[in-house]
Amino acid sequence: MSTKRDYYETLGVQRGASAEELKKAYRKLAMQHHPDRNPGDAAAEAKFKELNEAYDVLKDDQKRAAYDQYGHAAFEGGRGGPGGPGGAGFDFTSFSDIFDDLFGEFMGGGRGGPGGRGSANRGSDLRYNLEISLEDCFRGRNVKIRVPTSIACEACDGSGAEAGAKPITCPTCKGHGKVRAQQGFFTIERGCPTCGGAGQVIEKPCKVCGGAGRVHKEKTLEVDIPPGVDEGNRIRLAGEGEAGIRGGHPGDLYVFLSVQPHRLFRREGQHLHCRVPVSMTTAALGGQIDVPTLDGSKSRVTIPAGTQTGKQFRLRGKGMPSLQQSGFGSGPGDLYIQVMVETPVKLNKRQRELLEEFATLEDEESSPESSGFFARVKEMLGGKTE
């Protein structure tokens with residue numbers, strides 16, 4: 001006797017539930033227990049497989065009738081069940097087929113069938129690589145791009161048939177878009193070779209598109225790049241991919257962004273970093289410097305006396321804007337200024353004289369880092385300096 005849980009109980013529906021009620025119940029539970037939403041949860045994964053098995057049977061009228069009559073024995077090859085010797089057998093679809101049934105409308109429509117507008121005829125998605133500047137990421141930008149693609153044929157309005165002619169139901173699959181072949185105890189289902197899964201055939205194809213319902217053409221599109229985008233982000237233009245075959249749903253266009261290196265700024269998330277050279281005298285005596293920001297303005301930074309190379313100064317809110325998602329964001333990032341003390345080069349005679357005089361006046365207090373370092377070196381070498 002089977003120890004499996006009743007399929008109707010698994011989905012939480014009554015035995016007389018309609019196909020729509022089954023689909024609704026399955027969708028809700030499948031989303032709840034999907035492995036992607038429950039990483040590492042073995043119980044959720046087992047529940048997800050149980051839900052798929054139950055819905056795979058109950059969504060099919062033939063399988064459901066057998067299950068209602070024989071229970072789990074209908075699919076276990078037991079005595080008296082149709083899966084046993086001499087039984088009709090059943091085709092077992094994959095989990096992906098179940099998700100196509102439920103969520104196909106989000107990916108371009110339902111499965112193929114009469115009308116020829118199902119997922120079998122959906123146009124391909126396209127990818128466009130767009131290179132932008134860091135300033136574009138900061139301010140946002142509207143860009144026009146030219147995309148080679150396929151569009152609906154104007155001569156036949158995408159139907160693939162000559163004017164006045166109409167598609168007819170495919171004689172091979174009777175409009176289902178699929179054919180089945182019996183192999184032993186199993187039924188193999190595949191796309192119809194006559195209509196290509198459309199469920200219809202064209203007796204008098206359009207002379208312009210050859211019956212495909214679409215023609216190749218380059219079209220110009222506008223892409224709105226929001227402020228805050230980053231390397232690798234993508235923008236989806238729904239319905240701007242290839243046109244579907246014979247009036248099928250169009251695919252989508254995905255614009256992948258790459259950002260050009262900037263000559264002054266380096267980006268880390270929402271923060272910007274900039275290395276700023278500072279003269280030796282400014283670093284030693286202190287002063288003020290003007291540093292650039294990505295919005296085109298300048299910010300004044302006060303350099304304390306005795307500033308060393310590597311010292312960072314933070315300018316709040318001067319980094320990258322937040323990419324607004326779902327109506328909220330974390331605000332703009334910060335700009336970090338890293339000081340790089342510049343050693344004078346190509347000294348004239350007077351400059352050299354002044355530096356030589358300064359060298360004679362140096363002591364441990366004026367150069368504590370170097371004095372402390374060499375003191376530790378001397379100690380490590382046991383007091384020897386040579």
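This is a predicted model: local features need pLDDT of at least 70, side-chain atom pairs count only at pLDDT 80 or more; totals for chains, interfaces and linings use all residues.
Reader: At what angle do H2 and H3 pack?
Author: Helix H2 (residues 19–33) and helix H3 (residues 42–58) pack at an angle of about 160°, and their axes are 9 Å apart. Helices are DSSP runs of H or I with at least four residues, strands are runs of E with at least two, and both are numbered from the N terminus. Axes are lines fitted to C-alpha atoms, for helices over the stretch in contact, and angles run from 0 to 180 degrees between N-to-C directions.

Reader: So what is the orientation of H2 to H3 called?
Author: The angle makes H2 roughly antiparallel to H3; that term applies to angles over 145 degrees.

Reader: Which residues of H2 meet H3?
Author: Leu22, Lys23, Tyr26, Leu29, Ala30 and His33 in H2 meet residues of H3, including Phe48, Leu51 and Tyr55. Contact means heavy atoms within 4.5 Å.

Reader: Changing topic, what is the strand order in the sheet with E9?
Author: The order is E1-E9-E8, in an open sheet of 3 strands with mixed pairing. Its edge strands, each pairing on one side only, are E1 (126–132) and E8 (234–237). Two strands pair if DSSP finds at least two bridges between them.

Reader: In which sense do E1 and E9 pair?
Author: E1 pairs with strand E9 (residues 253–259) in the parallel sense, over 7 bridges. Glu131 stands opposite Ser258 in E9.

Reader: And how many strands are in the sheet with E15?
Author: That open sheet has 4 strands, ordered E10-E11-E15-E14, and its pairing is mixed. On average, neighbouring strands of this sheet are turned by 30° against each other, direction ignored. E14 and strand E15 (residues 335–342) run antiparallel and are joined by 4 bridges. Phe313 has Ile337 in E15 as its bridge partner.

Reader: Last one: is Ser299 buried or exposed?
Author: Ser299 counts as buried because its relative accessibility is 11%, and buried means under 20% relative accessible area (1.4 Å probe, protein chains only). Ser299 lies in strand E13 (residues 298–303). Leaving aside neighbours within four places in sequence, Ser299 is in contact with several residues, among them Ile289, Val291 and Leu315.

Notes
Residues are numbered from 1 along each chain as its sequence is written. Side-chain values use heavy atoms; hydrogens and water are left out. Angles under 35 degrees count as roughly parallel, over 145 as roughly antiparallel, 65 to 115 as roughly perpendicular and the rest as oblique. Buried means under 20% relative accessible area, exposed over 50%, partly exposed in between (1.4 Å probe, protein chains only).
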